[in-house]
Amino acid sequence: MSTKRLGQKTVAVHAGSRLVGSKSQPLVPPIHMSTVGWFDSSEELDGALDGKDYVYSRISAQNTALLEEAVAALEGAEDCVSYASGMAALRAVFDAQYLKAGERVVMPADGYGVTRLLFKTLCARAGVELHPLLLTDPRAPERIAELRPRLVLAESITNPLLSVPDIRALAKACRQVGAALAVDATFPSPYGQRALSLGADYAVQSATKWLNGHSDALAGTVSGSRERMAPLRSLRLLAGDVLGPFEAWLTQRGLRTLPVRMKAHFEHAAHVARRLAESPLLERVHYPGLPSHPHHAVAREVLEGGFGPMVAFEIKGAGRPECFRVLEALKVARPGPSLGDVCTLVMHAASASARRMTPEEREAAGIRESLLRVSVGLEEPEDIVEDLLGAVAQGVKR
Ligand code: PLP
């Protein structure tokens, strides 16, 4: 733009806002911070408002579109819609069902505590019946057939006990009664499970976790058919729970190394679980790759590339104070209430991921005070083992 004869205020607003003459293609996508796009042609602007181009970032935006394309490809989906967090993604799936009073929703009784409270709240508000079930129970498909819910939510590997439901069997039961099946596949990530290929209608990710991989952005995604995604996209435009461009960019940067990171996380988790299982200080080790795990056979069929990046364990005779001391005694791993980082993160489940469940709900789910959950990082696996066992020994010392 020629700035000759323009006043300084005008120059300050407009100068340097358009690059001309460069044919260079950036290897890394630029971060499009502009919330608005403008067009020389009003016809093009009009078309953009109909979704043909980027014009306002609550409608669609370049970095979220690139992230959605990448996640859809990894999930084996036709389309993907991104959100400001994993919780926003789960809420969007719920909202997109337009449930009416008296209709039913099924969810895991032993899943993420915040999702449990979200669904409880949303169902109570809409007069919808919520049925928390142990979806790993072989009778779960039968219960779904009896309940005839509109929506079933499952977790691929449950948070925090690492149970593995048979998504294929749940999908079959859902199809028979016309229920939509949403699978929160955050724990294995699309590396370890592509829930849509097992019959799910929605694959949900807290992209905050393994997709991002570096704990520097909150994000959520829902993937599925174009038909299933269209109402989600329309609702997002109204609700405005969009992902910002910088968060989308960071998530996409992390996602580029997903398969190589996850291969290592899975291998390290297998090593850590095997070694922890030998410890006399532990009551139980939860890891679907151990032949003693109750869902080992199912996990072999529904998980890919191994048995996930997470391990959980119960410390003999420990309560909350002992577990808190274990967290404080860690030297390599960090006591962080999340997962999906390059660094090993350890969490006391009852006071963190299951904090918002009632004591009765925790009891029914089998989440005890002695349980710690580990998101296994990329450190030397034997360093992780020594750190965990050393901290356990410290924590339980009288
Ligand atoms: N789903 C699972 C299984 C989770 O563990 C979490 C968070 O820990 C979420 C969803 C929510 O994701 P976010 O924190 O990105 O909202």
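Colleague: Which residues of β11 lie on one side and which on the other, and are they buried or exposed?

Modeller: Leu371, Arg373 and Ser375 are on one side, Leu372 and Val374 on the other, and all are buried. Buried is under 20% relative accessible area, exposed is over 50%, and partly exposed is in between (1.4 Å probe, protein chains only). This is a predicted model: local features need pLDDT of at least 70, side-chain atom pairs count only at pLDDT 80 or more, and totals for chains, interfaces and linings use all residues. Numbering starts from 1 along each chain as its sequence is written, and side-chain values use heavy atoms, without hydrogens and water.

Colleague: Why is strand β11 called largely enclosed?

Modeller: Five of the five residues in β11 (residues 371–375) are buried, so the rest of the structure largely encloses the strand. The strand itself is a DSSP run (E, at least two residues; helices are H or I, at least four), numbered from the N terminus.

Colleague: What makes β9 and β11 a pair?

Modeller: Five bridges join β9 (residues 310–315) to β11, and the two run antiparallel. Pairing takes at least two DSSP bridges. In one of these bridges, phenylalanine 313 partners leucine 372. Strand β10 (residues 345–348) also qualifies, with four bridges to β11 in the antiparallel sense. There, leucine 345 partners serine 375.

Colleague: Why is phenylalanine 313 called buried?

Modeller: The relative accessible area of phenylalanine 313 is 1%, so the residue counts as buried. This residue is part of strand β9. Beyond its neighbours within four places in sequence, phenylalanine 313 is in contact (heavy atoms within 4.5 Å) with several residues, including Leu276, Arg284, Leu372 and Val392. Its C-alpha atom is separated by 8.8 Å from that of alanine 277, 36 residues apart along the chain.

Colleague: How do you know that β5 is mostly covered?

Modeller: Five of the five residues in β5 (residues 180–184) are buried. Ala180, Ala182 and Asp184 point one way, Leu181 and Val183 the other. In a regular strand, side chains alternate between the two faces of the sheet.

Colleague: What makes β4 and β5 a pair, and in which sense do they run?

Modeller: They share five bridges and pair in the parallel sense. Alanine 154 stands opposite valine 183.

Colleague: What is the hand of the β-α-β crossover from β4 to β5?

Modeller: The chain passes from β4 through helix α7 (residues 167–177) to β5, and the crossover is right-handed. That means a clockwise path from the first strand over the helix to the second, with the strands pointing away from the viewer.

Colleague: How many bridges join β5 to β6?

Modeller: Three bridges join β5 to β6 (residues 202–206), and these strands run parallel. Alanine 182 stands opposite tyrosine 202.
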